[in-house]
Amino acid sequence: MKLVVIYPGRFQPFGQHHFKAYKFLTAMFGPNNVYIVTSNHTNNIESPLSFNEKLWFMQNFIPLNKIEMVKNPYKAEELLKNFNLDDTIVIFAYSSKDENRISYTKKDGSPGYLQPYINGGDLKSASHNGYIFVLPEFSIKYKGKNLSGTYCRELLRKFSID
């Protein structure tokens, strides 16, 4: 079966901690199998960068054919339509801070489509299940603070030119 590992996010902006996570994923799952997906959604405060602006940050580190613009990064339908889901295993890689977005059960209590990734586990094709791999935390410090996307946006606003 084909393996597709999807690293979804807003990447506002794409920072060194994101690059470390991407490198971790390529080392674990193979560079041909890992894709970054993000949207073109923008607003002035939390998501100021367009897809092309995010691409500008990423293109020096990530092969362009591994970056995809999607409407919803946490579904990545535009990327997945390129694969036969009957013979593809799909793994979404989330940071631990995003793990609370995931429900592994349906409202009725039965197992949901997304299930935790277990290395060496019996993985089903994407037509049956998708899997969630929770990334370890990759932090970068700048002036004693964790260089999160929020902190990067604060710094960018301080240095913006009117």
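This section describes the fold, the strand pairing, the helix packing, the nonpolar cores and the aromatic pairs of the structure above.

The structure is a predicted model, in which local features require pLDDT of at least 70 and side-chain atom pairs count only at pLDDT 80 or more, whereas totals for chains, interfaces and linings use all residues. Residues are numbered from 1 along each chain as its sequence is written, and side-chain values use heavy atoms, with hydrogens and water left out.

The protein chain contains four helices and eight strands, where helices (H or I, at least four residues) and strands (E, at least two) are DSSP runs numbered from the N terminus. The order of these elements from the N terminus is β-α-β-α-β-α-β-β-β-β-β-α. Of the 162 residues in the protein chain, 43% are buried; buried denotes a relative accessible area under 20%, exposed over 50%, and partly exposed the range in between, computed with a 1.4 Å probe on protein chains only. Contacts are defined by heavy atoms within 4.5 Å. Among contacts between residues at least 6 apart in sequence, 66% join residues at least 24 apart.

Strand 4 (residues 88-95) has seven of its eight residues buried, so this strand is largely enclosed by the rest of the structure. Two strands are taken to pair if DSSP finds at least two bridges between them. Strand 4 pairs with strand 1 (residues 2-8) in the parallel sense over five bridges, and Leu 3 stands opposite Ile 89 of strand 4. Strand 4 also runs parallel to strand 6 (residues 130-135), to which five bridges join it; here Phe 92 stands opposite Ile 132. Ile 132 is buried at 2% relative accessibility. With neighbours within four places in sequence left aside, the contacts of Ile 132 include Phe 92, Tyr 94, Ile 102, Leu 114 and Tyr 117. The C-alpha atoms of Ile 132 and Tyr 117 are 5.2 Å apart in space, although the two residues are 15 apart in sequence.

Helix 1 (residues 16-29) comprises 14 residues, which should span 20 Å at 1.5 Å a residue; its end C-alpha atoms are 20 Å apart, in agreement with that value. The expected span is 1.5 Å times one less than the number of residues. The buried residues of helix 1 are His 17, His 18, Phe 19, Ala 21, Tyr 22, Leu 25, Thr 26 and Phe 29. His 18 has a relative accessible area of 11% and, apart from neighbours within four places in sequence, is in contact with Tyr 7, Phe 11 and Pro 13. Helix 1 is followed by Gly 30, which has a positive phi near 100 degrees.

In helix 2 (residues 51-58), Phe 51, Lys 54, Leu 55 and Met 58 are buried. Viewed down the helix axis, these buried residues fall within an arc of 105 degrees, so they line one face of helix 2; the arc is that of the directions from the helix axis to the C-beta atoms. An α-helix has 3.6 residues a turn, so residues three or four places apart point the same way. The buried residues of helix 2 pack against strand 2 (34-38) and strand 3, while the face turned away from the buried side carries the exposed residues Asn 52 and Trp 56.

A nonpolar core is a set of buried Ala, Val, Leu, Ile, Met, Phe, Trp, Tyr and Cys residues joined through side-chain atoms within 4.5 Å. The largest such core has 23 residues, of which Leu 25, Phe 29, Ile 36, Ile 62, Ile 91 and Phe 133 touch the most other members. Strand 1, helix 1, strand 2, helix 2, strand 4 and strand 6 each give two or more residues to this core, and helix 1 supplies the largest share, five residues. Phe 29 touches Leu 3, Val 5, Val 34, Ile 91, Tyr 117 and Phe 133, residues up to four places away in sequence not being counted.

Rings of Phe, Tyr and Trp (its six-membered ring) pair if their centres lie within 6.5 Å, with planes under 30 degrees apart counted as stacked, over 60 as edge-to-face and the rest as tilted. Tyr 74 lies in the loop between strand 3 (67-69) and helix 3 (77-80) and Tyr 94 in strand 4, so the pair ties together parts that are 20 residues apart in sequence. Tyr 94 is buried, with a relative accessible area of 5%. Ring pairs also link Phe 24, Phe 29, Tyr 117, Phe 133 and Phe 138 into a cluster.
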